[in-house]
Amino acid sequence: MLPLPRRARALLLASLFAVCGCSGLSFQRETETSGTFSSWGASVTLLAVDLPKSALQIARENASDSNLANMQVEKVLIVPDFGGFNWILDIFSLRYARIQGTWGFSGK
């Protein structure tokens, strides 16, 4: 295996830290006390270690930190997902997870 030049190693390391721990959260209010939410998270997997955490955990914690009442997750998306071949992704991969659901009390 050829050693990477110094600049290539620095660029690889910088890109890993740039991608690690990205997340986002959005809310749509439907009534005064309820609505929908969407939260996403991204992480890097390197030799079966998720940096800084798994993408799904980042997305869930991001939604949970909003402290809204009665949050119900209705849809979960994890990309990439190869089913029984996910062990391939444990070598190196970028993972993305999105959760969507409702919050609050609609009064129905």
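Contact here means heavy atoms within 4.5 Å. The model is predicted: local features need pLDDT of at least 70, side-chain atom pairs count only at pLDDT 80 or more, and totals for chains, interfaces and linings use all residues. Residues are numbered from 1 along each chain as its sequence is written, and side-chain values use heavy atoms, without hydrogens and water.

**View 1. Ala63 and the largest nonpolar core.** Phe37, Ala59, Ala63, Ile99 and Trp103 form this five-residue core. Such a core joins buried Ala, Val, Leu, Ile, Met, Phe, Trp, Tyr and Cys residues through side-chain atoms within 4.5 Å; buried means under 20% relative accessible area, exposed over 50%, partly exposed in between (1.4 Å probe, protein chains only). At least two core residues come from each of α2 (55-64) and β5. Helices (H or I, at least four residues) and strands (E, at least two) are DSSP runs, numbered from the N terminus. Beyond neighbours within four places in sequence, Ala63 is in contact with Leu25, Phe37, Ser39, Met71 and Ile99.

**View 2. Leu47 in the loop between β2 (34-46) and β3.** Leu47 is not a glycine, yet its phi is positive, about 50°. Leu47 counts as exposed because its relative accessibility is 65%.

**View 3. Asn67 in the loop between α2 and β4.** Asn67 also has a positive phi, near 60°. With a relative accessible area of 69%, Asn67 is exposed.

**View 4. The cis peptide bond from Val79 to Pro80.** Omega is near -10°. Pro80 sits in the loop between β4 (72-79) and β5. Most peptide bonds are trans.
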